[in-house]
Amino acid sequence: MATGRTHRPATRSRGIPEATVARLPLYLRALTALSERSVPTVSSEELAAAAGVNSAKLRKDFSYLGSYGTRGVGYDVEYLVYQISRELGLTQDWPVVIVGIGNLGAALANYGGFASRGFRVAALIDADPEMAGKQVAGIAVQHSDGLEKIIDENGVSIGVITTPPGVAQQVCDRLVAAGVTSILNFAPTVLSVPDGVDVRKVDLSIELQILAFHEQRKAGEEAEAQAGAAAVAQAAQENNGKGPDGDVPAVMPA
């Protein structure tokens, strides 16, 4: 099996848009679930619903992969799993280092989903001397003094930063200098990297703030709807017994 240092995913060379690349893992997750249930084929509508996108967008995305499905049959699930995995580079072995083994770093190290998706945690690194040698997820933590050597010996091209924000840029610079070209950043700070280095930022607080915005908007819309319903009810009550123009109708003679 090839290692990550010598092979790169083919998506850029094939001109696949970044938006499509971002959706490929969603399709792969849905397809993997279908595969585990031994579902042989799936329609674009069913797969789109499972992935949370519309079917037209899905068919467009798959056209970049050269996969168009079969009319009346749909897409072959196992073939699509292989095709998307290959496009994402998941048929290769990607050694990963995690730098910063606090609560979050330890949780990521213990996450069982990495290995099944083509990622191998090659090393855990921390600046605290007391952490050196401790076992986390069956891996001995190594001191950050040896970061460059660790990266070189393991052929690492992907680094995960889970350090405090104040040292994240310094760690990033060392990773890049050592040959790491892709970084997943969990530290709540923006990293500066040279051209040719990809950074994906994961900020849980920002995601929660976005959810809070949507909750506030939903609450406001609900309050407006309730106020509107109350106004209609009040108007109906005030007009009770009146004519269409709001006037009390004349009493008809007996």
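I note here that the model is a predicted one.

I then asked: is Gln-83 buried or exposed? Its relative accessibility is 2%, so I put Gln-83 down as buried, the cut-off being under 20%. For its surroundings I set aside neighbours within four places in sequence; Gln-83 is then in contact with Leu-65, Gly-66 and Ser-67.

**Entry on α1 and α2**

Next I looked up how helix α1 (residues 18–36) sits against helix α2 (residues 44–51). The two pack at an angle of about 110°, and their axes are 9 Å apart. I therefore recorded α1 and α2 as roughly perpendicular to each other. The crossing of α1 past α2 is right-handed.

Which residues meet here? From α1 I listed Leu-26, Tyr-27, Ala-30, Leu-31 and Leu-34, and from α2 Leu-47, Ala-50 and Ala-51. Sorted by class, this contact of α1 with α2 holds 8 nonpolar residues, with no polar and no charged ones.

**Entry on α2 and α3**

I moved on to α2 and helix α3, the latter spanning residues 55–64. They pack at an angle of about 100° with axes 8 Å apart. That angle falls in the 65 to 115 degree range, so α2 is roughly perpendicular to α3.

On the α2 side I found Ser-44, Glu-45, Leu-47 and Ala-48, which meet Ser-55, Leu-58, Arg-59 and Phe-62 of α3. I counted classes again: the contact of α2 with α3 has 4 nonpolar, 2 polar and 2 charged residues.

**Entry on positive phi values**

Ser-38 has phi near 60°. I located Ser-38 in the loop between α1 and β1 (41–42). Its relative accessibility is 63%, over the 50% cut-off, so I marked Ser-38 as exposed.

Ala-137 has phi near 55°, again positive in a residue other than glycine. Where is Ala-137 placed? I found Ala-137 in the loop between β5 (135–136) and β6 (139–143).

How values were computed:
Residues numbered from 1 in each chain as written. Predicted model: local features only at pLDDT ≥ 70, side-chain atom pairs only at ≥ 80, totals over all residues. Heavy atoms only, no water. Buried < 20%, exposed > 50% of the residue type's maximum accessible area, 1.4 Å probe, protein only. Contact = heavy atoms within 4.5 Å. Axes fitted to C-alpha atoms, helices over the stretch in contact; angles between N-to-C directions. Helix = DSSP H or I, 4+ residues; strand = E, 2+ residues; numbered from the N terminus. Parallel < 35°, antiparallel > 145°, perpendicular 65-115°, else oblique. Left-handed = near helix turned anticlockwise from the far one by under 90°. Nonpolar A, V, L, I, M, F, W, Y, C, P; charged D, E, K, R; others polar.
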